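Let's take a walk through this protein together.

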Amino acid sequence: MPAETGKLAMPLPRPDEVADHVRESRLAAAIAGWAEQILAHRFPLLGLEIDTGPEIRWQRDYQSGKETAPVYFRCIPYLAAERAGDHKIIWELNRHQHLVLLAQAYQLTGRAEFLDETGSQLDSWIEANPFQCGINWASALEVAFRALSWIWVHHLVGDRLDSALRRRFLEGLFRHGLHLANNLSVYFSPNTHLLGEAVALHALGLLFHGVPGARTWEKLGAEVTAAEMERQVRADGSHFEQSTYYHVYALDMFLFHAALAPPSESYRGRLARMAEYLDALLGPSRSLPPIGDDDGGRFFHPYGRRDRFGRATLATCGALLGRTEWIVEPEDLYEQAVWWLGPQSLPEPGERVCGRSRWFPDAGTGVMVAGSAHVVADAGPFGGLRSGHSHADTLSLVVRHGDQDLLIDPGTYTYVGDPHGREVFRGTAAHNTVRLDRLDQAAPAGPFGWRNPPQVALNQWRSDGDMDDLDAECRYRGFRHRRRIRFLKAGVLLIVDEIEGPPGEHAIEQFWHLGSDAARSRLVLEEPVESCDGWRSPVFLQKLPAPVLCVRRKTTLPYRLAAGVLLDPGARLGIEHADGEIRFHWQRTDNTPVTISF
């Protein structure tokens with residue numbers, strides 16, 4: 001790489017101007033607090049706090065103590081947790097997003113120890129991780145994440161680094177570009193892996209403008225990113241992996257690329273549709289339901305409440321696309337948008353538009369909204385490729401009312417660190433749907449795949465000012481499960497399950513995962529009902545006990561089960577089987593009786 005590296009720059013806002021804008025915010029105080037932890041080598045990673053001690057062992061899984069040698073990267077068995085440890089924990093530290101945080105803290109406070117620690121860790125990492133040797137080169141996406149972090153370090157404090165370290169640092173960053181250009185995940189993981197790598201390669205091409213080879217990186221990265229926008233984002237705006245969290249991941253990647261290079265109208269249109277889908281998922285509470293895999297990471301600033309990450313993403317969309325209704329409050333712009341776009345590009349929050357019920361046909365997602373009530377129903381297929389980030393959750397739903405989670409998706413918890421835990425959290429019994437004969441809706445094919453996923457069909461979607469009606473079904477293992485969901489916007493959600501299948505007796509289990517013990521009073525089920533011990537994972541690698549209700553039957557088919565969720569806690573609901581119908585008897589708080597038949 002040529003020696004004249006001092007002129008390298010990115011089309012990003014001036015750090016001092018951003019720091020001046022953010023300095024008095026809640027975020028600035030939080031950044032200083034996290035930076036203090038990092039100075040003490042206590043790293044907030046995922047659902048853990050990793051204490052490395054004075055020396056950071058960059059190849060070590062600090063949970064298991066396992067560590068691999070810095071041999072050629074293709075020789076590292078990174079998916080074998082028993083040999084290499086949990087690669088997710090190792091890689092999260094080696095993404096170096098905490099170094100970006102230290103650089104931000106330096107800009108906000110001027111404290112030299114934040115800058116010194118940034119340089120010390122960079123020096124340590126370069127020494128311990130020779131080019132293409134060791135677990136930290138084994139995933140091209142992880143190389144991309146680290147490259148992006150180093151780009152930000154260079155942008156924020158690069159001119160303050162010791163000149164000898166700066167030279168080594170930029171040579172190391174250039175090698176990241178060489179690695180990415182020759183190891184794009186075109187065949188291995190052509191999903192967010194390929195997308196993130198392309199976005200990073202394009203950014204590296206911009207940074208090293210004028211250096212031989214950099215123009216090729218810029219062009220290739222831009223071409224792949226544009227192609228993945230067309231391939232990975234469906235017409236309704238949803239991401240093809242069928243994961244709400246990965247939808248945010250992908251949207252952030254596409255957004256950052258757009259911040260660096262003016263996008264085409266087609267690209268902007270798909271960004272807008274992705275944002276509209278995210279807006280619907282966040283609902284009135286602006287909280288993301290974790291449907292499908294949630295790996296706990298984030299494209300930029302992976303700190304704070306995970307269920308609120310989508311707010312900063314949507315605010316960035318609002319700033320970039322001129323949709324101020326997506327910006328709830330100024331603080332939502334500080335985590336991401338202001339660092340990417342600059343204070344001069346930030347609009348004031350717009351008037352919040354009341355959410356409306358919508359059906360997203362490609363995702364198979366029904367979103368039902370009335371006031372502060374928010375229902376998200378998954379009536380879509382498993383995700384693309386091998387469905388690696390999908391859960392066996394077809395026809396499941398989550399329900400939130402105001403600040404209360406009534407029915408939840410328990411989350412993900414782990415990938416490879418606990419194989420049994422992986423299967424439990426992504427299995428059918430971990431979701432608000434029906435399990436038949438104690439079998440998942442598909443057969444697991446390793447930690448990132450499924451065989452024989454269910455066939456899914458929409459029978460009806462209807463929505464008006466008083467009611468939303470979703471009727472869908474899935475077929476698998478010789479069974480047909482039809483679920484009808486009727487949302488009466490005056491205050492009740494009604495669910496009817498119809499099961500058909502082979503002759504003989506079969507085990508039917510209808511699971512309901514509750515957001516709290518208090519949510520039990522809102523659920524009306526057909527007796528007898530069992531209380532079960534369940535789990536909830538609010539962030540990757542963390543699991544907490546959570547209440548579960550289950551209706552179990554051993555019966556011949558066809559068979560019908562009903563359930564209801566009271567959004568108005570003062571109302572009452574009864575369920576009756578009569579004359580071949582299921583009848584819901586709903587008494588509203590004004591004592592008006594209503595009967596609804598299926």
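How many bridges join strand β5 to strand β6? Five bridges link β5 (residues 373–378) to β6 (residues 397–401), and the two run antiparallel. Val-375, for instance, has Val-399 in β6 as its bridge partner. Strands here are DSSP runs of E with at least two residues, helices are runs of H or I with at least four, and both are numbered from the N terminus. Two strands pair if DSSP finds at least two bridges between them.

Before going on, bear in mind that this is a predicted model: local features need pLDDT of at least 70, side-chain atom pairs count only at pLDDT 80 or more, and totals for chains, interfaces and linings use all residues. Residues are numbered from 1 along each chain as its sequence is written, and side-chain values use heavy atoms, leaving out hydrogens and water.

Now zoom out to the sheet.

A cavity is a set of points on a 1 Å grid over the protein atoms alone where a 1.4 Å probe fits but cannot get out, and its lining residues have an atom within 4 Å of a point. Grid points are joined across faces, edges and corners, and the volume is the space filled by probe spheres set on the points. The largest cavity has a volume of about 150 Å³. Of its 14 lining residues, those closest to the centre include Trp-152 and Phe-299.

Technical notes. 1 Å grid on protein atoms, 1.4 Å probe; cavity = no way out; pocket = protein on both sides within 12 Å on 5 of 7 lines; lining within 4 Å.
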